[in-house]
Amino acid sequence: MLINPNDYVQLLQIAIILLMGINIITFALKKNQFQFIANVIMLAAIAIALFNMFSSGVVQSQNYVYIDKFSELLALLLTITMLLINILSYGAKESYRLFAIFSSFALMGMYFVAFAASFIMILIGLELMIMPTIFAILSSRAKSTEAAVKLFIISALSISLLTFGITLFYGGTNSVSLIQAPTSRVVEIALMFIIASLGFEASLSPFNLWVPDTYELSPTYLTGMLGGINKKVGFIALMEVVLLAFVQYEGTFSLILSVIAIITMFYGNIIALSQNNVKRLIAYSAISQSGYILIGIAVASQYGISASIFQIVAHSFMFIGAIAIVAFMEQRNRTVISDYIGLFNDNKFAAAALSIFFLGFIGTPFTIGFIGKFMLFSSAIYGNLLVLALIGILNSIISVYYYLKVIMSMFTNKERRSYFKMNTNIAVVVAICLIVTIAFGIYPQPLISASGAAASALFAR
Amino acid sequence: MIFELAIIPIFIALLVLAALKKENRAIKAIALVGSITPLAFLPSMIQHMGSITSINWLSIGPASLPITFSILPINVLLFATISIIAPLVILYSWGYMDKKSEDKSFYIEMLAFEISMLAFSIAGNFILILIAWGFLSLTSYLLIGFYGKPESARAARKTVTIILIGDIAMLTGAILLWHSFSTFQFSSIISIMQSSPINVTAQVAMLLILIAALTKSAQFPFSGWLPAAMEGPTPVSAFLHSSTMVKAGVFIVIILYGMFQAANLLPLILAIGIISALLAISNALYETHIKRILAYSTIEELSLMFVAIGLGAFSVAIYIFIVQAFYKALLFFYSGILIKANSNEDIYGMRNASKNKPMYAAALIGVLSLAGFVPFSGFFSNVSLESAAMSNSLLIYLLVLIIDLAVSLMIMRWFTVSSASETKKTVDAKRTVNYYLVSKHMYLSMYIMAFLTIISTVLILYITSIGSSMVGFGYNVNSALILSPIEAAIATAAVVAGLAIGYITFNNKQHKDASLSILLFNNALTDKIYYYLAAFFFEMSIMLSDLDFIINDIFDRMGEDTSYSSGIVRKVQNGQISTYAIIFAIGLLALLAYMIIG
């Protein structure tokens, strides 16, 4: 039976609605296993639909929704990473059912952003994403209240600024669609508000001070979701907004985003140097990675955007993989770097995997991180932003210092050896992230052409 | 025809094999076979001499990453040197690394180290250089910190700080060059730079690459890490000091000679070489740790290579570059045997080495080669370097002569003190010294190395033709090598004087601190001047090598944990949500202010 490519759109809609419906029903039934299997099946179905849409090149446009290769690729990424987080969170026995239902709502919001053709969709989508995330953090354990409250207050600030920015945009253009806006003072002010509010979502300095606290205090699978998925949604929104609505202001936003990228890279890397808590260290490193991703958007060329999309994919998998190892260590109450000494003796797989993820963060050849950073820095050079590329390289080398500190402590010998067994769900997540990190590091061509196609689709809108 | 690439799969296969096998004997054998394999590629490399092959590794959008292999005579020379010395080092390790548990990771790391250096030796563009450079740093870091003692961790950390400075400089320099010439390939950049007037960007880039070379070759002011790296196992030191790692810095200056020439950096290279040599040799005269003396002498030899390059004596630089590898490996092999036999690392703790006649004779070959005694390789390198210096200026000539004299004194002190016979009857019965218990593999590789040291002298006959053949490949160099009889006579006199003073002074073990007073005729005033000078240079040098502690100190104050940190960041990252909101608002206001002003 052949399915017409356009039917996948119908299938996608049904699957997304079913995902939420099934979650509500299984939640009421109080069956963890049921809910988990239903989630996995539905997410896999959505991923298959999106994959088929991507390969058959479906383009559909309505007033509020626009489906092309850009949104399909990123929605596919969001689905797969959400699947990974679902597998990871299955270890948190009691809170899993609540998390699953909240995450399905958050995923709905993320799709809104990825498929958005208007500011309203982005606004609703971000709101729909962030609220369930906060509830999930809040409901997991008592210690997380602080994390949730911080996230809530700053997100409220950010959403109100976004609303205000959209209002100003409407004032200047008489439209809330993501269309090319004419140059006017009001629209320029709108751009500033929107950059500030999306800077919160994408954890860019100076709108990201909540990040280390919230990442550290949240349950670890939610840290994975915050850094691996939610943050990327912020970048998707940023790319759509600046490249579709504010093309006229390329000089302005390019300069602003360059400066923000530089501040973000230095802020993340320099503070990470002195961190002892591995989870917090990864949080700061994620901040600096946001700075690298922003380089491609600041360049604002088609190649730059494809580099950013590539690095978004790369960082999602490396981050979730690294966070999964942190979750594995937390089960044994090991949090600081000195607890990681001799991990190679206790569990070779965990130590090797975390080393590879860190080498990927650094940008070592034969990992996905190298290709991403190479694309970003070369796009900056081609876009005549040589300084940005050099600062990026300087930061990459500063970051070697703290990543190597953790790697070396894992490979140090120690006297007393104990064997740590890894839970199956964590091992599955780590293995998948590891395969992506290495496979696309050695043979990156499929992902490069996919992100190139996504970038050209965005420019063709 | 990219036959060089065949090395990589062979090595990967060997690494996998080594990782899978459980028996130690198998791992040792595999490591030896693996390390000797590259020799098989030499005939075909010589056949394709002068070819430059480029393959495209990655091509993304407008950007591409080509990897270029270059088979020029100097590349082949280094390749051959590595692949001759590596199997001997592995054979030596069979005896030296006697703890069974350490075998596997040690041999794998050594093989990885060798591959990185082999890739480095045939690199024809910056991409391959950078990859090999990174892997060299990583593997050397692992090998230096191999024993996992606190001191070795500290040494490895010190090493990594300096190496990172080099990495930043290297990457930035390569990117700046690419930005100005839009190519990574050496031969293209050299021809462009030699034909057009130099611009500032290219000059800055070359300066950065020079800094990178200085960090790798442990030259002033980055020399602090090499003596500290002596904490590693002796085979590692032998390998690291002879043909790998520290040679990388000099080698990059040799192959980029045309660029440094075009950027007018040769006088700077000369000055740095002289300063480093003086600094290193004065430290070597103080030191009593058997391997650390050799480390300082390595720095001094590398400095002389820089001096030769700075003088424009291209062939001399290549000659010292190759022959030094053999006699330095030989001396490290000897010191490893002494360490094993005496269970001590101080030269005053060694005894009765002269009783073992074959070993003593083999070591003497190394000592005389290093000192520059008449028929040995060091003699030719001394004389040719001094002749080149003489044609430049008298001052440089005198400085080089003083350095040569001090070198012969230093190595004689090292040799005499460490091999002196035990005369007193107060020997601890438990600490018997038995050279017959040391593994025969260590002796075997030492004797082969002594033989190779003598053979390597013959290179002097061919070095001029090698140098002039480089001219054919676009290297605008002066390949002449002068051996004037007057310089030879003066050099011999200086070396004999140094050896004689060293032997007479240190033959009885009384003069523990005699080094300084002998060099400066025991004068209180000169003693003081010397002390301050040495102290000044030493401080300059350790200032940079201790940079990691300064960095750490700053950041410890800045960041740490939110609950007990201090400084600027504490005020910002204080866990208070109101502060975060205020910072957010400041950021927004800054954006709006920019919009209003701009």
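Two residues are in contact if their C-beta atoms, placed from the backbone, lie within 7 Å. This is a predicted model, in which local features need pLDDT of at least 70, side-chain atom pairs count only at pLDDT 80 or more, and totals for chains, interfaces and linings use all residues. Residues are numbered from 1 along each chain as its sequence is written, and chains are lettered from A in the order in which they are written.

**Exercise 1. Describe chain B as a whole.**

Step 1. Among contacts in chain B with a separation of 6 or more, 78% are between residues 24 or more positions apart.

Step 2. Of its 598 residues, 54% count as buried (20 or more other C-beta atoms within 10 Å of the residue's own, C-beta atoms being placed from the backbone).

Step 3. Chain B has 27 helices and two strands. Helices (H or I, at least four residues) and strands (E, at least two) are DSSP runs, numbered from the N terminus.

**Exercise 2. Work out how the strands of chain B pair.**

Step 1. Strands pair if DSSP finds at least two bridges between them. Eight bridges join β1 (residues 52-60) to β2 (residues 63-70) of chain B, and the two run antiparallel.

Step 2. One bridge partner pair is B:Ile55 with B:Ile67 in β2(B).

Step 3. The two strands form a hairpin with two residues between them, and B:Gly61 in the turn has a positive phi of about 55°.

**Exercise 3. Find how α3(A) packs against α9(A).**

Step 1. The axes of α3 (residues 69-89) and α9 (residues 220-245) of chain A come within 9 Å and cross at roughly 170°. Axes are lines fitted to C-alpha atoms, for helices over the stretch in contact, with angles from 0 to 180 degrees between N-to-C directions.

Step 2. Angles over 145 degrees count as roughly antiparallel, so α3(A) and α9(A) are roughly antiparallel to each other.

Step 3. The residues that meet include A:Leu74 and A:Leu78 in α3(A), and A:Tyr221 and A:Gly224 in α9(A).

Step 4. By class, this contact has nine nonpolar, four polar and no charged residues. Ala, Val, Leu, Ile, Met, Phe, Trp, Tyr, Cys and Pro count as nonpolar, Asp, Glu, Lys and Arg as charged, and the others, Gly among them, as polar.

**Exercise 4. Characterise the side of chain A that touches chain B.**

Step 1. The contact takes 43 residues from chain A and 36 residues from chain B.

Step 2. On the chain A side, α16(A) gives the largest share, nine residues.

Step 3. The residues of that side divide into 32 nonpolar, eight polar and three charged.

Notes. Buried ≥ 20, exposed ≤ 12 C-beta atoms within 10 Å, placed from the backbone. Parallel < 35°, antiparallel > 145°, perpendicular 65-115°, else oblique.
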